Amino acid sequence: MAFELPDLPYAYDALEPHIDAETMRIHHDLHHKAYVDNANAALAGTEWENRPVDQILADLDILPEDKRTAVRNNAGGHANHSLFWTIMSSDGGGEPSGHLATAIDDSFGSFADFKAAITDGGVKRFGSGWTWLVWDGTGLAAYSTPNQDSPLMQSHVPLLGIDVWEHAYYLKYQNKRPAYLEAWWNVVNWDEVSRRFGEARG
């Protein structure tokens, strides 16, 4: 089955004032849709066209070379954005609790150090990309990736990812990426991040 654009789980203006409605409309309806359409076009007629996106990204190396870049960029963009919408909420913000909070303290020293690591990854990502919290198979890790590269390409499970492409923030924040990243923590949906963490660690 071809990839489909998922519905936003909230209204375009639900994340205001931190992320404005027009940015959400453009980001979801135009940018994410383009990744879906381009990924489907690249995979059409191949044996991979009906495979799940995580499986495709984990096995990129077996795709024909002439399709690999298009699939990497566009299937990656689809996977990344499908996660991104779910880990934000109008009731977001604050700090995690339970097992995730303990794991963050164990891995990073404190919530403040964890937040600084994720934010720093986004601020220092040259050009476009993402900053991530992942389950790497043995524990939590934080790093950034360029363009639409996904942790799935390393067989890691993305738990939290912040889009630092300019289309994610430029209408409201212009070139002030650090201000966008600081504001983003007000919309993070810890319930969903915690759910993903529990699923990943088994």
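Begin by selecting strand S1 (residues 129-135), which runs antiparallel to S3 and is joined to it by six bridges. The model is predicted: local features need pLDDT of at least 70, side-chain atom pairs count only at pLDDT 80 or more, and totals for chains, interfaces and linings use all residues. Side-chain values use heavy atoms, with hydrogens and water left out, and residues are numbered from 1 along each chain as its sequence is written.

Strands (E, at least two residues) and helices (H or I, at least four) are DSSP runs, numbered from the N terminus. Two strands count as paired if DSSP finds at least two bridges between them.

**The sheet**

Next, select Trp135 together with Val157, its bridge partner in S3. Then move to Trp130, whose bridge partner in S3 is Asp163.

Colour S3 by accessibility: six of its seven residues are buried, so the strand is mostly covered. Buried means under 20% relative accessible area, exposed over 50%, and partly exposed in between (1.4 Å probe, protein chains only).

**The backbone exceptions**

Most residues other than glycine have a negative phi, and most peptide bonds are trans. The next selections depart from this pattern.

Select Ser155, in the loop between strand S2 (140-146) and strand S3 (157-163). Ser155 is not a glycine, yet its phi is positive, about 60°. Is this residue buried or exposed? Ser155 is exposed, with a relative accessible area of 57%.

Continue to Gln174, in the loop between helix H6 (170-173) and helix H7 (177-184). Gln174, also a residue other than glycine, has a positive phi near 50°. Gln174 is partly exposed, its relative accessible area being 33%.

Finally, go to Pro17, in the segment before helix H1 (21-43). A cis peptide bond joins Glu16 and Pro17, with omega about 5°.
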